[in-house]
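Please consult the sequence and the model while reading.

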Amino acid sequence: MEEKKHAQAKMLSGLIFSVFFLLFHSPISSATSPPSPPIVCIVGGGISGSSVAHFLRRDSPHTALTLRIFERSGVVGGRMATVVLAGETFEAGASILHPKNFHAVNFTKMLNLSVKKPPSSESSLSLGIWDGEKFVFKTLDSNSKSSIVQRIVAITNSVLLFVRYGFSLVKMDSFVQTTVDNFLKYYASFESRPVFETVDEMLKWAGLYNLTARTLQDELVDAGLSPLLIEELVTVITRINYGQSVSISGLAGAVSLAGSGGGLWSVERGNWQIVAGLINHSDVVLHRHEEIESISYHGEYYELNSTKGNSYKCEVAVIATPLDELNIHFNPPISIPKRKLQHTHATFVRGLLNPAYFGLVAVSEIPELVGTLEDPNLPFSSISVLRKHDEKDMSYKIFSRKPMADVLLDRIFR
């Protein structure tokens, strides 16, 4: 009997990093009396809200600044969530961090958290691209613990990729690197860059705005990538990372491709510890299980009312969670453009894949990472091995656009 657990990670179409909706008002104070330290209310206890709290505490001239974070669930972390499967903990949301995510790197060092890097063997993990009937491409697998053997397998797989996709791989890498270099401009000191009033201004300054106005497919075609690479490998990557096709925005797609490179890492015992550490380090008043249902502007302050019947007055209000998924009443009303969201479902299974489902004879023939092409009839985006307990017992994570029914899981697993 395999053990199944489900977790839903809600991913927003076109969003690469969290955007804060900031409501700010600077009250006029008397010339004869110093202004009282402001109160800042932050809605959302994920990486966005905790980062806001950290930077405000670090950079604000008000040493007595009061920070409040409202989290509607019982735990902090947002998409940095974990699940427990048969006594073992696995990342359910934001599972990996990029080596050039310098904020995350610095947070981890500041909080003395332990970094977990993928085992060296992961460089030779087998990949299979499944079209619903057969694997159109597979890399080699190696169960050897010898670093020399693993290196040989990795080189062989690089050759196999090059034979199939050619110099388009180099063009893809160049496209990704250009985007990453532009993104790194945001880490420049405050003195060397302007203050941005809008997200559009921020993107234009870094040379990223045009990527948001076109699809990833359009960008990659212009970059000279072959149709085969876009249809297969690029599609597999975007489906795994964002649950979407190459019709995703160019900026989202570029970041998705960057997340498939090397040097990726995570935090021991869960990435959510970054969020918890920032909140503790920033001296925050944390309101768990308290959802904000209305925010009203009263000229000198904002009034936040929660579902618990409590009312809070704040000089600054920050919405650090997707507005699309909130049911907050704003007074005066604000305009929130409607967007089509893609919800990705993460299903965790401990058991063993059924090779017959993939037209194979033995489980050992199934790649450790099964990616899929863009086909509405395919029930999942990817299946990956999280942990191999033994030859007949493994933990898997499945990404899909819809919940995985038990009947379907019984067909895929034996």
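Why does Val-159 count as partly exposed? The relative accessibility of Val-159 is 47%, and therefore this residue counts as partly exposed (buried means under 20% relative accessible area, exposed over 50%, partly exposed in between; 1.4 Å probe, protein chains only). Val-159 lies in helix H3, residues 147–165 (helices are DSSP runs of H or I with at least four residues, strands runs of E with at least two, numbered from the N terminus).

The model is predicted: local features need pLDDT of at least 70, side-chain atom pairs count only at pLDDT 80 or more, and totals for chains, interfaces and linings use all residues. Residues are numbered from 1 along each chain as its sequence is written, and side-chain values use heavy atoms, without hydrogens and water.

Two nonpolar cores are listed below (buried Ala, Val, Leu, Ile, Met, Phe, Trp, Tyr and Cys residues joined through side-chain atoms within 4.5 Å).

| Core | Size | Residues, among them |
|---|---|---|
| Largest core | 41 residues | Phe-175, Leu-216, Val-234 |
| Another core, apart from it | 27 residues | Val-52, Leu-65, Val-267 |

Within the largest core, Val-234 is among the residues with the most contacts (heavy atoms within 4.5 Å). Not counting residues up to four places away in sequence, Val-234 touches Met-172, Leu-216, Leu-220, Leu-225, Leu-229, Val-246 and Leu-257.

Strand S15 covers residues 316–319, with Val-316 and Val-318 pointing one way and Ala-317 and Ile-319 the other; all are buried. In a regular strand, side chains alternate between the two faces of the sheet. Strand S3, residues 39–43, runs parallel to S15 and is joined to S15 by 4 bridges (strands pair if DSSP finds at least two bridges between them). Cys-41 has Ala-317 of S15 as its bridge partner.
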